[in-house]
Amino acid sequence: MPLKLFECDTVIPERKRHVYVKNVGEDTSMFLPMANIDTIPGSISERGCSYCGAKLVIGGVLKDTIQLIHGPVGCAYNTWHTKRYPSDNDNYQLKYVCSTDVKEKHVIFGAEKLLKQNILEAFKAFPNCKRMIIYTTCATALIGDDPKAVAKDVMKELGDVDIFCSQCAGFAGVSQSKGHHVFNIDWMNEKVGTYEPEITSDYTINMIGDYNIQGDSVVLSDYFHRMGIQVIAHFTGNETYDGLRSMHRAQLNVVNCARSAGYIANELKKKYGIPRLDVDTWGFNYVAESLRKVGAFFGLENRAEQVIAEEYAKWEPKLNWYKERLKGKKLCIWTGGPRLWHWTKALEDDLGMEVVSMSSKFGHQEDFEKVIARGNIGTIYIDDGNELEFFEVLKEKKVDVIFTGPRVGELVKKLHIPYINGHAYHNGPYMGFEGWVNCARDIYNGIHSPIWALAGKDIRKGA
Amino acid sequence: MSLTIKDKERAGVINPMYNCQPCGAQFAGIGIRDCIPLVHGGQGCCTFVRLLFAQHFKENFDIASSSLHESAAVLGGMKNVEVGIDTLVQRYPDLRIVPIITTCSTETIGDDVDGVARKARRMLKEQFPNRSVKLVPVHTPSYSGSHVKGYDTALLALTKELAKKTESNGKLNIITGWLNPGDVTEIKYILNEMGVEGNILIDTETFDAPTMPDKDAFAYGNTTIEDFVETPNAVGTIALCPFEGGSTAQFLQDEFDVPAVIGPTPIGIENTDKLIQNISKLTGKEIPESLVVERGKALDAIADLVHMFFADKKVAIYGDPDLVIGLAQFCLEVELQPVLLLLGDDNKTYSKDPRFKELEEKANCDIEVVCNADMFELEDRIKNKGADIDLILGHSKGRYIAIDNNIPMVRVGFPTFDRAGLWKYPIIGYKGASMLAESIANAMFTDMEYKHKDEYLLNVW
């Protein structure tokens, strides 16, 4: 029985199509979990909304851009103080969020005037900030406000500002994923090609699908810099608004998060003929392989080898120290989607660990193709997993550590299982060579904490 | 001295102080045992709020979404509610109550949540004749009010739906408002010392869940359906926070003649005195010596700090309205000057709150109250308009104002995710008063040390 119906799902048997247990000698293409389809109401799914996919995940990373959320105040409040993407601009993007604070009268009579007033106020409040993204949310989408018209009006009036509109209400699509799509395509259609960057190297790339969680982008940029490669734009880690307008000038698109940003890489290939190179920027050996591929594309093999050699010398002994101690440990990855396929084999190869269950909130079928290709036999692959299913996995599998978000981490703590923040990391960055050592260190410290032995002890038994 | 109340001048919000209504309703819901709120709207309206609670409490709380997608947004989302209830009831055998919480999307498209609840009740009766699962529609459009109003609305909806007058039970209803588990512990302590049996709405003390040897303890709310049912049979109701539960106390008085005392929020010595005297009045119980001793201990601790460190220091306070007003009253007791008070929504009744008049009469400084305020209002005044502030009292979402401007800040209210364990400690009652004073002093002491500003003073005081 390769597809699996959890006991807790007997009353929602359609969940069976979303859960696969990989078997030996099976044609896995026959059992690809259903993904990216409607959520079952009341299932306590882990999914968020598409506005989140656009603002919190992609647009909000930009370090010089006002984030104006057009709607009632909650959507702004909730996407503020929840992310860990620093910048070299004093973390402007972490400190501020703007809401048009839509009220009942605006829902009835329209909120475009309010929006305009808000845009002007925000530019006044941040006089050094000349770039803005406006996001529609559920209510303002339903009432049919036209933010693009308002933005155009203001751009003309102010002259020196540029505004992008992301129109992706929370109910669009079935998860965060739709927000990624809409943001990618609209940015491509409206903003790419409208700014000319300064070219300082014969070798130029865009690093696509990396959001600088705890400084990931900075680590990657350093490798490219040492190889003599100019990163025209990071989509969107530690990046500027105008950097993203310049993406047409790169010779190569290097893609890590193919889920959230594969769209723009594809469009850039179609329109400008820029090749798309998919890489893994997590995982020790994966990163070496990725740098080799980029090096080969430009004929910079030697420089790639030099960087790899330097990094191996610096970090490999540490990695191996952790590998010795983490060998055979079992873990789950319950995150968005891509980290499942980025991490499963990397954890196995570099650290000797075994991933026994993975759940993706919003992955598509292609994410499952990837993860099932790389993942283990006997492992449970779950699309849109929910809380009761998680408990059942833990009953079935002995698990030493779980990569997931902090809330679920707090839940599994009660079961004496450590968690590592699989979204925003414990002590990152986790990308690159040093990043994977950071990751190994956090796993090691999590598993080897004295707390778990203490938690399991009942002081009433055996004085 | 003067107290002026005005609105923020900007139309928009930069760095919101409050969340939207459904968040407040969800907070009320998680405080009830065997309850899973169903949030009728897009998925973010539930997922983000669950994260927010995890930020503050470091715990998981179960909240479900009706997962409104495009087709439902266009054609109506009633079916989503029905399926959501069915799924929850079937998969959670202990589930006894589901508040159905609306959001901006489902209020805008006009889903008839009361109608769907009626239909679902019939369905549940047929399919699960041996179970009783209460469904309570809660209307919380995000485009009016804030989480403060959402909490108040949810509590009233739950009480209206469940309350039943039978025989007097001799208990005292305590409606806590949006306070911490540590505050609930404190109010229980006070009731216990007075020999009064309380009916606590909403009892969040169990949010502080242990990690146990047998792995079976999870965070849950501790108020039961029966506690709501029993509310009309109490000898009286005290609502600690008028804006968060006051309407429920009023409802119980109007509908069932349960005498209501609404506020003041027992922050500081005098407000706690009033609370204890009110409990005594409503129940006829004497005030015990132990609470007089408790009060004396708090005063003893506070007296060491006030003239020496607090006098003439200017304080800015933001957060939920009852908290801000209560903290301002406390400041005046301990010689601090609460010069700037920020309230984060458009409630028109704030200006009518009698506590502002009292503040004006007692203050030895001019006080400015800004309603409908955001966090940028505070930052802008400090950074650009020369506001002279020595101390900030507020929640963690304002942390960068303090950090970037080198002003000591004490975390109070919700959420306080950038300090450990604060939700375990009271700010109400006499214990809360000394906790607050000592936290303020310790924040100032650390600031003196970091800035090397007369740090040698801290040896003999």
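**A sheet and a helix pair in chain B**

Let's start with one pair of residues: in this predicted model, Ile174(B) sits opposite Ile200(B), which belongs to S8(B).

Now step back to the whole sheet. It is an open one made of four strands of chain B, lined up as S8-S7-S9-S10 with parallel pairing. At the edges you'll find S8 (198–201) and S10 (260–262) of chain B; each has a single partner strand, so one side of each has no neighbour in the sheet. From one strand to its neighbour, the turn is 15 degrees on average, ignoring direction.

Helices pack against this sheet too. H8 of chain B, residues 181–194, touches S7 and S8 of chain B, and its direction is at about 165 degrees to that of S8(B). H10 of chain B, residues 246–256, lies across S7, S9 (236–239) and S10 of chain B, at about 160 degrees to S10(B).

Next, a pair of helices. H1 (residues 21–30) and H2 (residues 44–57) of chain B pack with their axes 10 Å apart, at an angle of about 60 degrees. On the H1(B) side, the contact is made by Cys23(B), Gln26(B), Phe27(B) and Ile30(B), while H2(B) brings Cys45(B), Cys46(B), Val49(B), Leu52(B), Phe53(B) and Phe57(B). Sorted by class, that contact holds nine nonpolar residues, one polar residue and no charged ones.

Definitions and conventions: Residues are numbered from 1 along each chain as its sequence is written. Chains are lettered from A and ligands numbered from 1 in the order in which they are written. This is a predicted model: local features need pLDDT of at least 70, side-chain atom pairs count only at pLDDT 80 or more; totals for chains, interfaces and linings use all residues. Side-chain values use heavy atoms; hydrogens and water are left out. Two strands pair if DSSP finds at least two bridges between them. Helices (H or I, at least four residues) and strands (E, at least two) are DSSP runs, numbered from the N terminus. Axes are lines fitted to C-alpha atoms, for helices over the stretch in contact, and angles run from 0 to 180 degrees between N-to-C directions. Contact means heavy atoms within 4.5 Å. Ala, Val, Leu, Ile, Met, Phe, Trp, Tyr, Cys and Pro count as nonpolar, Asp, Glu, Lys and Arg as charged, and the others, Gly among them, as polar.
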